[in-house]
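Work through the exercises below with the model open. Each task is followed by a solution in steps.

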2 protein chains.
Amino acid sequence: MEKIDPWTLQGAVDYQGLLDEFGMEPMQAYSVTHDDLRYIRRGVVFGHRDFGRIANAMKGGKPYAMMTGLMPSGKFHFGHKMVADEIIWFQEHGADVFICAADLESYTMRDVPLAAARETAVKEYLENYLALGLAPKNVNFWFQTDYRTEYYRLRDMFAKKVTFNELKAIYGELSPGKIFSALTQAADILHPQLPELGGPRPVVVPVGADQDPHIRLTRDIASRFEAEFHFIPPSATFHKFMEGLQGGKMSSSDSKSYIALTDTPDEAAKKIMGAKTGGRATVEEQKKKGGVPEECMIYAMYLYHLIDDDLALSDIYHECKKGALLCGEDKKRCAEMVARFLEEHQKRKAKASAKAEKLAGR
Amino acid sequence: MEKIDPWTLQGAVDYQGLLDEFGMEPMQAYSVTHDDLRYIRRGVVFGHRDFGRIANAMKGGKPYAMMTGLMPSGKFHFGHKMVADEIIWFQEHGADVFICAADLESYTMRDVPLAAARETAVKEYLENYLALGLAPKNVNFWFQTDYRTEYYRLRDMFAKKVTFNELKAIYGELSPGKIFSALTQAADILHPQLPELGGPRPVVVPVGADQDPHIRLTRDIASRFEAEFHFIPPSATFHKFMEGLQGGKMSSSDSKSYIALTDTPDEAAKKIMGAKTGGRATVEEQKKKGGVPEECMIYAMYLYHLIDDDLALSDIYHECKKGALLCGEDKKRCAEMVARFLEEHQKRKAKASAKAEKLAGR
């Protein structure tokens with residue numbers, strides 16, 4: 001019998017190759033001990049660096065922090081929800097939360113005016129985070145353009161002690177803009193360990209694998225400034241990316257590729273009905289050969305977001321595989337689940353507005 | 001008869017070569033119209049870029065600004081006084097004054113702790129500026145580590161729009177630290193033209209010729225961001241450097257090379273008595289051949305600082321040239337003039353203490 005693994009989605013990215021090539025460690029070791037996060041137990045969070053530090057801090061009830069950045073452009077969609085769920089999970093497990101809104105980055109890279117970027121950070125990101133369960137109490141939120149003294153000081157200090165060769169070895173082709181970005185990321189990640197922000201402690205950064213160069217650079221820099229700041233090299237978890245509803249990349253610039261958390265149930269249903277599935281050319285063929293859930297965007301919605309019960313998910317997987325589940329009915333079920341989620345979520349989001357403004361210091 | 005020029009000091013630096021090679025313009029055109037600044041009429045300020053804009057603003061009573069940086073390490077000496085005199089002259093001629101204390105730079109480049117750098121900026125630099133005549137009213141003073149939002153935003157924006165090739169063409173060998181420094185300088189110089197700091201207007205930066213690369217880069221960047229900020233390319237004046245009292249470089253790390261404005265008259269006299277002159281090996285030879293004021297550090301003190309009356313200076317020059325003035329008596333006269341200056345100056349400095357604290361926002 002063919003080896004089946006209901007937790008592994010197929011996709012364009014060779015995640016195993018990333019582990020092998022860059023020396024990240026597989027997250028599998030934690031898939032049982034940390035199985036209350038769906039993304040860990042299902043291998044969506046597939047790799048890490050130094051997660052042991054974080055696991056120990058969690059276990060021992062010791063201080064640690066979670067640091068993340070958000071790029072305020074476009075709408076907050078289910079791809080972003082995955083990261084938000086991770087943030088909230090770390091918070092529920094004792095992390096101090098640091099969130100940086102990269103308004104400058106969205107301005108310089110995507111031409112989003114700064115005022116609009118700030119508005120998006122608060123109305124799209126913070127409101128959705130809060131509606132998804134983020135508790136404001138120990139959240140340290142800032143905009144890049146707040147130019148926190150302590151962090152820009154770090155960036156300048158780092159600039160004096162990194163070399164071109166080192167940056168080239170990590171990033172390949174360089175430009176002055178890339179160097180600024182890289183050192184800004186390093187300062188973002190390390191500044192929670194400054195005395196005024198809680199001092200040296202483990203920090204975990206949940207990111208996509210494409211961000212690993214920043215993690216490696218930051219870990220190098222942390223070691224280099226160990227004597228001065230007692231930095232602990234930051235840990236990272238690496239997650240897979242949800243594909244777009246029609247296959248390919250989920251992209252803010254293609255509204256059919258994602259479901260926004262502010263879409264109406266009708267808008268969402270239309271996108272779901274048009275989504276790519278793992279179905280066969282004809283109903284007859286599908287009944288005979290079965291579907292391919294690993295390639296199905298509806299199944300991905302279940303796996304990432306809609307179905308937390310592993311047995312229920314497994315049932316769907318096997319029903320699909322044996323041809324007993326057809327795409328039309330499956331899409332309807334998915335649309336209904338999404339509709340229920342959106343209705344509840346949007347009520348919570350509306351209530352979170354004042355809290356979000358407060359968190360942003362506006 | 002040999003061509004004589006009482007205003008031109010000999011030195012290691014080929015200033016005419018600088019004008020030729022880098023396309024600065026000679027300041028001579030302004031040596032009559034702007035002869036109330038001793039340094040201009042005597043060719044100490046020997047070159048410029050775009051000074052016409054500044055001359056026009058002065059003449060028309062139009063808004064313009066003067067921007068300068070100070071490196072807070074070591075003692076404030078007569079080399080620094082020259083720059084201070086220029087700053088004050090611009091202020092007296094209608095300039096808004098912007099002064100940046102490069103505390104971060106002195107920390108990262110010279111290992112001066114930040115607190116000590118700030119103390120030096122206030123007690124050594126600001127107090128002396130005020131005692132020399134700086135009026136606090138329209139002075140905008142800041143520390144680099146204040147991390148003014150508007151200016152760090154500029155730096156990041158610039159980083160996205162400059163290329164390596166451009167930086168290499170200007171600076172030669174690069175490092176990440178140099179790139180940060182260069183773009184920091186550009187932001188320093190341009191941020192007075194932001195709307196919140198007075199808007200677009202001519203800005204003059206009085207610097208040594210070694211700072212010309214920053215001026216060129218900043219002028220390029222100003223043009224590139226013209227559409228967005230309406231920047232006017234900054235102007236610059238270039239001054240010669242006073243040599244050290246014993247010849248060679250005047251250096252903060254060699255206290256015999258300079259007279260600090262906080263030296264006692266006795267300390268100053270000792271340094272003057274040990275200074276390099278343009279005297280001959282024997283009194284007889286000097287009486288016969290005459291001295292070489294162009295190579296004399298005592299004469300340099302007169303020319304830069306102690307004698308504002310051109311005729312009086314010219315008399316000394318010719319007396320020396322014809323062998324009628326001997327080094328011993330000349331040094332004594334110089335020491336007496338310095339003693340009188342220091343006594344008066346130090347009284348004014350003591351009175352400036354509270355104003356300096358206020359200007360620094362402490």
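Domain bounds here come from an automatic or database domain assignment. The model is predicted: local features need pLDDT of at least 70, side-chain atom pairs count only at pLDDT 80 or more, and totals for chains, interfaces and linings use all residues. Residues are numbered from 1 along each chain as its sequence is written, while chains are lettered from A and ligands numbered from 1 in the order in which they are written.

**Exercise 1. Domains of chain A**

Task: State which domains the assignment gives for chain A, and describe the contact of domain 1 with domain 2.

Solution. Step 1: the domain assignment divides chain A into domain 1 (15-241) and domain 2 (255-348). Step 2: taken over C-alpha atoms, the centres of domain 1 and domain 2 of chain A are 31 Å apart. Step 3: to the contact, domain 1 of chain A gives 12 residues and domain 2 of chain A gives 11 residues; two residues are in contact if their C-beta atoms, placed from the backbone, lie within 7 Å. Step 4: on the side of domain 1 of chain A that touches domain 2 of chain A, the elements giving two or more residues are α4 (78-92) and α6 (114-132) of chain A. Helices (H or I, at least four residues) and strands (E, at least two) are DSSP runs, numbered from the N terminus. Step 5: α4(A) supplies the largest share of that side, 4 residues. Step 6: by class, the side of domain 1 of chain A that touches domain 2 of chain A has 5 nonpolar, 3 polar and 4 charged residues. Ala, Val, Leu, Ile, Met, Phe, Trp, Tyr, Cys and Pro count as nonpolar, Asp, Glu, Lys and Arg as charged, and the others, Gly among them, as polar.

**Exercise 2. Two helices of chain A**

Task: Find the angle at which α4(A) and α6(A) pack, and list the residues that make the contact.

Solution. Step 1: the axes of α4(A) and α6(A) lie 10 Å apart, and the packing angle is about 55 degrees. Axes are lines fitted to C-alpha atoms, for helices over the stretch in contact, and angles run from 0 to 180 degrees between N-to-C directions. Step 2: α4(A) is therefore oblique to α6(A); angles under 35 degrees count as roughly parallel, over 145 as roughly antiparallel, 65 to 115 as roughly perpendicular and the rest as oblique. Step 3: the crossing of α4(A) with α6(A) is right-handed. A crossing is left-handed if the near helix is turned anticlockwise from the far one by less than a right angle, and right-handed if clockwise. Step 4: α4(A) contributes Lys81(A), Ala84(A), Asp85(A), Ile87(A) and Ile88(A), and α6(A) contributes Asn128(A), Tyr129(A) and Leu132(A). Step 5: the contact of α4(A) with α6(A) has 5 nonpolar, 1 polar and 2 charged residues.

**Exercise 3. The sheet of chain A**

Task: Give the strand order of the open sheet in chain A and say which strands stand at its edges.

Solution. Step 1: the open sheet of chain A has 7 strands in the order β1-β2-β7-β6-β3-β4-β5, with mixed pairing. Two strands pair if DSSP finds at least two bridges between them. Step 2: β1 (25-26) and β5 (139-143) of chain A are at the edges with a single partner strand each, so one side of each has no neighbour in the sheet. Step 3: β4 (residues 95-101) of chain A pairs with β5(A) in the parallel sense over 5 bridges. Within this stretch, Cys100(A) has Trp142(A) in β5(A) as its bridge partner. Step 4: helix α3 (residues 51-60) of chain A packs on the sheet and touches β2 (45-49), β3 (64-70), β6 (203-208) and β7 (235-239) of chain A. The direction of α3 of chain A makes about 105 degrees with that of β7(A).
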